[in-house]
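Here is a short briefing on strand pairing and core packing. Please keep the model open as you read.

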Amino acid sequence: MAAGSAAGLTTGLVSCTPADKLVEARPLSASEAERLAGMRARNFKDGRVGVRATLGKPGAEIKLAGWIDWRRPLAYLAATAPAPGPDDGLLQAVPGIIATRPGRADGGLPPQAPPGKDWRVRPSTATSAHPAPIDSFVALLFAIASDKPDQAELLARSDSRWLGTDRIADRTVDVLLGPAVPPQPKPTATPTRSLRPSPSPKRSAVGPASPTPGPNSLAAMGGAVRYWLDGDGRLHRFEALLTKDLPVKVDLTREERPELVAIDALGGRSTKPRQVTPDEAAALALMRQRNRAAGGGRITLTVPMLPAGMLLATGWLDWRETVAYIGAYDMDKKDERVLMRANRTGVTVRNDGFTAGKLPPLPPPSGGWQAIPWSARGDALGGLDLDLLLNEALAVSGTGKDDAQALREAALWLRRDTLGGGPVNVYEIAKGADVGGARGAARIRYWMDRAGVLRRLELRTRTGAFAQLDITPGDVPTLSRPRL
């Protein structure tokens with residue numbers, strides 16, 4: 001996703017050579033090319049910095065303030081418009097995903113602990129034909145860091161330029177014009193012999209075709225960016241034009257290095273995957289038995305939806321009868337409400353019949369229900385995220401003990417965390433398509449309390465963000481079948 005996010009800049013940035021004053025630009029010297037080539041790797045090594053940015057023309061610009069952790073990677077910012085309005089809000093992002101929460105931040109900075117509710121999550125539009133300006137800015141912010149340096153010789157041959165010197169915080173810096181994304185070496189073509197003559201170039205009906213950017217042009221490298229680099233290759237400021245009339249200016253405060261915590265939809269606290277211990281594997285092997293003994297309880301669900309939305313639900317889960325009953329609704333379209341009763345064979349659904357944010361009615365209302373087997377649900381992309389969560393919640397209950405040795409091979413401990421005021425351990429268990437994937441990147445995570453009972457299921461959704469199904473153990477009412 002990081003590569004895709006950066007690739008979107010190839011159509012997003014335009015030349016940012018200053019038009020308000022003449023500069024005696026010259027090609028980069030060898031040492032300047034080396035410093036510029038090492039900038040992204042230096043940013044990645046430093047990890048976390050403060051961000052202060054303005055997006056837009058003077059008098060109408062949106063101010064953005066917060067921090068970025070290039071190693072994770074995670075950005076956390078507050079946007080403040082000239083006057084209170086819909087452009088105000090909090091933003092968290094990882095490459096490819098944007099999460100926003102409306103509201104004006106006190107003091108212009110986001111709160112250190114991000115709020116837990118009212119976030120909207122969507123895929124970034126940075127790679128689309130018409131990217132949102134804030135998405136292009138976030139993509140550029142991530143693109144200026146990499147775990148390896150650029151190739152200095154390619155930068156030296158490019159249209160990168162030295163523009164002059166400046167002073168930032170009593171430090172002399174060089175102002176360099178360089179590419180938004182690292183230059184790539186030209187692939188070596190395999191010679192082939194064609195039996196057909198080369199086609200004649202087609203003449204445009206409206207005029208000459210647009211010239212293709214040369215391989216050394218900054219347009220072929222994501223567009224031009226002005227970088228303020230000190231003698232150690234640390235970046236202190238950068239400027240670009242996201243569109244012809246939309247400038248962005250960013251100052252990096254390198255002394256700010258707070259630990260950033262992602263919202264739940266973006267994965268929560270950082271993970272440190274390791275193999276589970278024998279005791280942990282034994283506890284995981286007994287989890288289904290302990291869940292059944294606990295009986296079940298109240299459940300709440302939060303599911304990011306495409307193209308940009310959040311599905312919320314409340315209800316009950318009965319682990320002994322293998323039944324779940326919920327009322328689900330769209331966070332921003334509360335008139336779109338669905339009652340759902342799920343068991344091992346499928347779901348029974350009914351439109352409306354409850355108040356958004358309230359528990360579903362008991363007994364279920366009569367009439368208007370439709371029974372659908374699991375095999376008839378889903379779409380071209382596979383199982384629905386909501387269905388996958390409910391299926392797994394029903395499956396983690398049983399009378400048999402699982403194989404602890406097999407779990408030692410398949411499971412990873414990710415981190416310790418807290419949920420509902422109590423400590424939990426977060427695990428993943430690789431299965432199916434997860435096998436052979438990156439450590440810590442399985443589709444489902446399991447949050448287990450000290451008693452060995454599941455308290456949260458976490459699902460990596462189609463958006464790339466995470467959905468949660470939280471269980472509060474307690475008495476479960478009779479979840480009777482609705483009358484169809």
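Contact here means heavy atoms within 4.5 Å. The model is predicted: local features need pLDDT of at least 70, side-chain atom pairs count only at pLDDT 80 or more, and totals for chains, interfaces and linings use all residues. Residues are numbered from 1 along each chain as its sequence is written, and side-chain values use heavy atoms, with hydrogens and water left out.

**Nonpolar cores**

- A nonpolar core is a set of buried Ala, Val, Leu, Ile, Met, Phe, Trp, Tyr and Cys residues joined through side-chain atoms within 4.5 Å.
- Buried means under 20% relative accessible area, exposed over 50%, and partly exposed in between (1.4 Å probe, protein chains only).
- The largest core holds 43 residues, and L301, I326, L390 and L469 touch the most other members.
- Helix α8 (residues 385-395) supplies the largest share of this core, five residues.
- Leaving aside residues up to four places away in sequence, L390 touches L301, A324, I326, M340, A342 and L469.
- A second, separate core has 42 residues, including V49, L141, I144 and L246.
- In soluble globular proteins, nonpolar side chains tend to be buried together.

**The sheet**

- Helices (H or I, at least four residues) and strands (E, at least two) are DSSP runs, numbered from the N terminus.
- Two strands pair if DSSP finds at least two bridges between them.
- An open sheet is formed by twelve strands, ordered β13-β20-β21-β22-β23-β24-β14-β15-β16-β17-β18-β19, with antiparallel pairing.
- Its edge strands are β13 and β19, each pairing on one side only.
- β22 and strand β23 (residues 454-460) run antiparallel and are joined by five bridges.
- Y446 has L457 in β23 as its bridge partner.

**Strand β18 and its neighbours**

- Strand β18 (residues 346-351) is largely enclosed by the rest of the structure, because five of its six residues are buried.
- Strand β17 (residues 333-342) runs antiparallel to β18, with five bridges between them.
- A hairpin of three residues links β17 to β18.
- L339 has R350 in β18 as its bridge partner.
- Strand β19 (residues 370-373) pairs with β18 in the antiparallel sense over four bridges.
- I372 in β19 stands opposite V347.

**Helix α6**

- In helix α6 (residues 278-285), the buried residues are E280, A281, A283, L284 and A285.
- These buried residues pack against β13 (274-275), α7 (287-294), α9 (404-410), β20 (411-419), β21 (422-429) and β22 (444-449).
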